[in-house]
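Here is my note on the model you sent. Please read it with the structure open beside you.

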Amino acid sequence: GLQVDASIASTLVLMYCKGGNLARATEAFGVLTSLGFQPDAHVYNSMIMTFVNNGQPKLGEKLMRDMDDRLITITKDIYMALLRSYSQLGDVASAERISTTMQFAGIQQSTDKETCTLLVEAYALASNPDQARSHFDCMIKSGHQPDDRCTASMILAYEKKNDLDNALNLLLELEKDGFEPGVATYSVLVDWLGKLQLVDEAEQLLGKIALLGEAPPFKLQVSLCDMYARAGNEKKALQSLGVLEARKDELGQAEFERIISGLIDGGFQKDAQRICQIMEAQGFDASRVKFKLSKPVSRAPSLR
């Protein structure tokens, strides 16, 4: 029968945010504000980060604007979390908006290395290599050396437009200045060459990843399975497919569709059907690949 006060309501918000329960955190935040209490910076920051971690940065940004209206200090970490989230979604308009807001707030310069990197990543996902290159060049002019992560995003931007000439020219320019590609850059190139069915060239880059002492990233197995299946290399396709099946919980809709499409185009119909069943069991919509499976094929070997 005790009446909820600001302290109790705030504690509930913080508890649910820490536990990652967005629905209950939002409910508790609503109770807090409906009672006429003003959330403090800690509550706002926790709610914003919970929205960001759940892939809803726009709701987090709305709370950030509320903080600004109430003259509550917004930290650099909050701005960067929102910018990073928009970047990962390829939402370039929102990413640019946050970058501009940070500049007006005196938090960060547009030429800051991390800001430029995130904007390059955003434009890469948005398939806009020209704008990605603009931010990439701006970073270099400001005295920052692009790292492996940023360079990989720039190469990805070129891949989206299949602009191999500009990608290779960029790498040559960077290598003249002492840049050495790492796992991230090599992985993007392996994926690209795999799509072009340049198997020998892709395998050469896999060898360079091995020389760095690191195993290829797990998601690169999707590229390898697709490449080897289309090339009809049963042994290597089976090897990659086994790795993917063992960690199927880490695959998303796009990855499943690419694996299945590669198997179908390579003529491995039975394996494609099996992966399609796994895809549906994981809760994904397999209607597009099912339609492709329904088409007749000239041969149907199995990797099993």
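1. Start with S85. S85 touches V52 and P57, leaving out residues up to four places away in sequence; a contact here means heavy atoms within 4.5 Å. S85 lies in helix α5, where helices (H or I, at least four residues) and strands (E, at least two) are DSSP runs numbered from the N terminus. S85 is buried, with a relative accessible area of 6%. Buried means under 20% relative accessible area, exposed over 50%, and partly exposed in between, using a 1.4 Å probe and protein chains only.

2. A word on the source. This is a predicted model, in which local features need pLDDT of at least 70 and side-chain atom pairs count only at pLDDT 80 or more, while totals for chains, interfaces and linings use all residues. Residues are numbered from 1 along each chain as its sequence is written, and side-chain values use heavy atoms, with hydrogens and water left out.

3. The whole chain. How many helices and strands does the chain have? There are 17 helices and 0 strands. The C-alpha trace spans about 70 × 55 × 35 Å along its principal axes. Of the 304 residues in the chain, 45% are buried. The accessible surface comes to about 15400 Å², and 51% of that surface belongs to carbon and sulfur atoms; the areas come from the Shrake-Rupley method with a 1.4 Å probe, and for residues only the protein chains shown count as cover. Among contacts with a separation of 6 or more, 61% are between residues 24 or more positions apart.

4. P57, the partner of S85. P57 lies in helix α4 and is buried, with a relative accessible area of 2%. Which residues does P57 contact, apart from its neighbours within four places in sequence? They are F51, L82, S85, Y86 and L89. The C-alpha atoms of P57 and A81 are 8.7 Å apart, although 24 residues separate the two along the chain.

5. Helix α4. This helix covers residues 57-69, has 13 residues and reaches 18 Å from its first C-alpha to its last, close to the 18 Å expected at 1.5 Å a residue. The expected span is 1.5 Å times one less than the number of residues. The buried residues of α4 are P57, G60, E61, L63, M64 and M67. They lie on the same side of α4 because they cover an arc of only 160 degrees around the axis, the arc being that of the directions from the helix axis to the C-beta atoms. K62 and D69 are exposed residues on the face turned away from the buried side. The buried residues pack against α2 (22-34), α3 (41-53), α5 (76-89) and α6 (92-104).

6. Helix α5. This helix has 14 residues and reaches 20 Å from its first C-alpha to its last, close to the expected 20 Å. Its buried residues are I78, Y79, M80, A81, L82, L83, S85, Y86 and S87. The cover over these buried residues includes α3, α4, α6 and α7. Just after α5, G90 takes a positive phi of about 70 degrees.

7. Most residues other than glycine have a negative phi. L71 has a positive phi of about 60 degrees although it is not a glycine. L71 lies in the loop between α4 and α5 and is exposed, with a relative accessible area of 77%. S127 also has a positive phi of about 60 degrees without being a glycine. S127 lies in the loop between α7 (113-125) and α8 (129-141) and is partly exposed, at 26% relative accessible area.

8. Aromatic rings. Rings of Phe, Tyr and Trp (its six-membered ring) pair if their centres lie within 6.5 Å; planes under 30 degrees apart count as stacked, over 60 as edge-to-face and the rest as tilted. The count by this rule is 2 aromatic pairs. One of them, F256 with F284, is tilted, at 5.7 Å centre to centre and 50 degrees between the planes. F256 is in helix α15 (residues 253-265) and F284 is in the loop between α16 (269-281) and α17 (287-293), so the pair links distant parts of the chain, 28 residues apart. F256 is buried, with a relative accessible area of 1%, whereas F284 is partly exposed at 24%.
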